[in-house]
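Me: Please take a close look at the side-chain contacts in this structure, beginning with the charged ones. I would like one connected account, with the cut-offs behind each term.

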Amino acid sequence: NTEAIMAEQFLSEYMDGEKTAKTFIDNGCYGAIFFVDGKEVARETYPGKSEYWAEDCCENYVLGVKKL
């Protein structure tokens, strides 16, 4: 959905092997998008949480700690 992506501002990207995760902010809410082999597999928003929270979620995902 290109309209949704255009509204988001990407902040950081994490990669390890086939997994990639990107943090974003959309209307003041931080979130993360998770990919396997370049295909989006999940998207989460974290109302009331910080950018650091979203970054930790991304890092944990690519390292295999966070399961989707």
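Reply: Lys-66 is partly exposed, at a relative accessible area of 21% (buried is under 20%, exposed over 50%, and partly exposed in between, with a 1.4 Å probe and protein chains only). The model is a predicted one, in which local features need pLDDT of at least 70 and side-chain atom pairs count only at pLDDT 80 or more, while totals for chains, interfaces and linings use all residues. Residues are numbered from 1 along each chain as its sequence is written, and side-chain values use heavy atoms, without hydrogens and water.

The partner of Lys-66 is Glu-44, with which it forms a salt bridge whose closest N and O atoms are 3.3 Å apart (a side-chain nitrogen of Lys or Arg within 4 Å of a carboxyl oxygen of Asp or Glu). Because Lys-66 lies in the segment after α2 and Glu-44 in strand β4 (residues 39-45), this pair ties together parts that are 22 residues apart in sequence; helices (H or I, at least four residues) and strands (E, at least two) are DSSP runs numbered from the N terminus. Glu-44 also counts as partly exposed, at 22% relative accessibility.

The structure holds two salt bridges, and Arg-43 and Glu-40 meet through their side chains in one of them, at 3.0 Å from N to O. Arg-43 has a relative accessibility of 33% and is therefore partly exposed, as is Glu-40 with a relative accessible area of 40%.

Arg-43 also has an aromatic contact, since its charged end sits over the ring of Phe-24, 6.0 Å from the ring centre (NZ of Lys or CZ of Arg within 6 Å of that centre and within 35 degrees of the ring normal). Elsewhere, Lys-22 lies over the face of Phe-10, at 5.1 Å from the centre of the ring.

Between rings, the structure holds one aromatic pair. Phe-34 and Tyr-61 form this pair in an edge-to-face arrangement, with 4.9 Å from centre to centre and 65° between the planes (centres within 6.5 Å, taking the six-membered ring of Trp; planes under 30 degrees apart are stacked, over 60 edge-to-face and the rest tilted).
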